[in-house]
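Dear colleague,

Please find below the structure that I am handing over to you.

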Amino acid sequence: MRTRILLSALLIVVAAAACSDSTAPANPNGVNVADNSFSPGVRTVALNTTVTWTWTGGSQHNVTWTAGSPAASTTQSSGTYQRSFDTAGTFDYYCSIHGTPTTGMRGSVTVQ
Ligand SMILES: [Cu+2]
């Protein structure tokens, strides 16, 4: 009986752990491209990290770098886009359809 109670308690703990895992981001270095925001808007990564943007909304968006380089992503409504960062600093970007460098749909990646 005691073993059965302990086993039940263990199963509850395991189930709770599994639930909390499912809410964790699939890619810790990722950014979701939603309608109409980047999430998280500010992402901090280590040097030499590749960041993946994943389109999760249904509308067309792009990732356009404020500094103008590298080239922007294509404008798309699904799929992914990646950029590797081998220089420290803060890199600002925006969606040229729903934002500007200073307003609306924009984000930044800080590399340290
Ligand atoms: Cu957009």
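Seven aromatic pairs are present in the structure. Rings of Phe, Tyr and Trp (for Trp, its six-membered ring) pair if their centres lie within 6.5 Å; planes under 30 degrees apart count as stacked, over 60 as edge-to-face and the rest as tilted. One of these pairs is formed by Trp53 and Tyr81, whose ring centres are 5.5 Å apart with planes at 45°, so the pair is tilted. Because Trp53 belongs to strand β4 and Tyr81 to strand β6, the pair ties together parts that are 28 residues apart in sequence. Strands here are DSSP runs (E, at least two residues) and helices are likewise DSSP runs (H or I, at least four), numbered from the N terminus. Trp53 is buried, with a relative accessible area of 0%, and Tyr81 is buried at 13%. Buried means under 20% relative accessible area, exposed over 50%, and partly exposed in between (1.4 Å probe, protein chains only).

Phe85 and Phe91 form a tilted pair, because their ring centres are 5.3 Å apart and their planes stand at 50°. Phe85 has a relative accessibility of 2% and counts as buried; Phe91, with 18%, is buried. One aromatic cluster contains Phe38, Trp53, Trp65, Tyr81, Phe85, Phe91 and Tyr93.

Before going further, please note that this is a predicted model: local features need pLDDT of at least 70, side-chain atom pairs count only at pLDDT 80 or more, and totals for chains, interfaces and linings use all residues. Residues are numbered from 1 along each chain as its sequence is written, and side-chain values use heavy atoms, with hydrogens and water left out.

I turn next to the nonpolar core. Such a core is a set of buried Ala, Val, Leu, Ile, Met, Phe, Trp, Tyr and Cys residues joined through side-chain atoms within 4.5 Å. The largest one has 17 residues, and those with the most contacts inside it are Phe38, Trp53, Val63, Trp65, Phe85, Tyr93 and Val109. Two or more residues of this core come from each of the elements β1, β4, β6, β7 and β8. Val109 touches, among others, Arg43, Val45, Val51, Trp53, Phe85 and Tyr93, when residues up to four places away in sequence are not counted. Contact means heavy atoms within 4.5 Å.

The next topic is the sheet. Four strands make up an open sheet in the order β2-β1-β4-β6, with mixed pairing. The edges are β2 (38-39) and β6; each has a single partner strand, so one side of each is left without a neighbour in the sheet. Two strands pair if DSSP finds at least two bridges between them. Strand β1 (residues 30-33) pairs with β4 in the parallel sense over four bridges. Within β4, Trp53 stands opposite Val31, and Trp55 is the bridge partner of Val33. By contrast, β4 and β6 run antiparallel and are joined by six bridges; here Thr49 has Phe85 in β6 as its bridge partner. Strand β4 is mostly covered, with five of its seven residues buried.

His61, in the loop between β4 (49-55) and β5 (64-65), and His98, in strand β7 (residues 89-99), are 37 residues apart, and the pair links distant parts of the chain. Is each of these histidines buried, exposed or partly exposed, and what are the values? His61 is buried, with a relative accessible area of 0%, whereas His98 counts as partly exposed at 28%.

Finally, two loop residues deserve a mention. Ser73 is in the loop between β5 and β6 (80-85) and counts as buried at 9% relative accessibility. Its side chain reaches the backbone nitrogen of Val63 at 2.8 Å. Ser73 also touches Trp55, Asn62, Val63 and Tyr81, leaving aside residues up to four places away in sequence. Thr102 is in the loop between β7 and β8 (104-111) and is exposed, with a relative accessible area of 58%.

Yours sincerely

Key. Polar contact = N/O pair within 3.5 Å; in protein donor to acceptor, adjacent residues only side chain to side chain.
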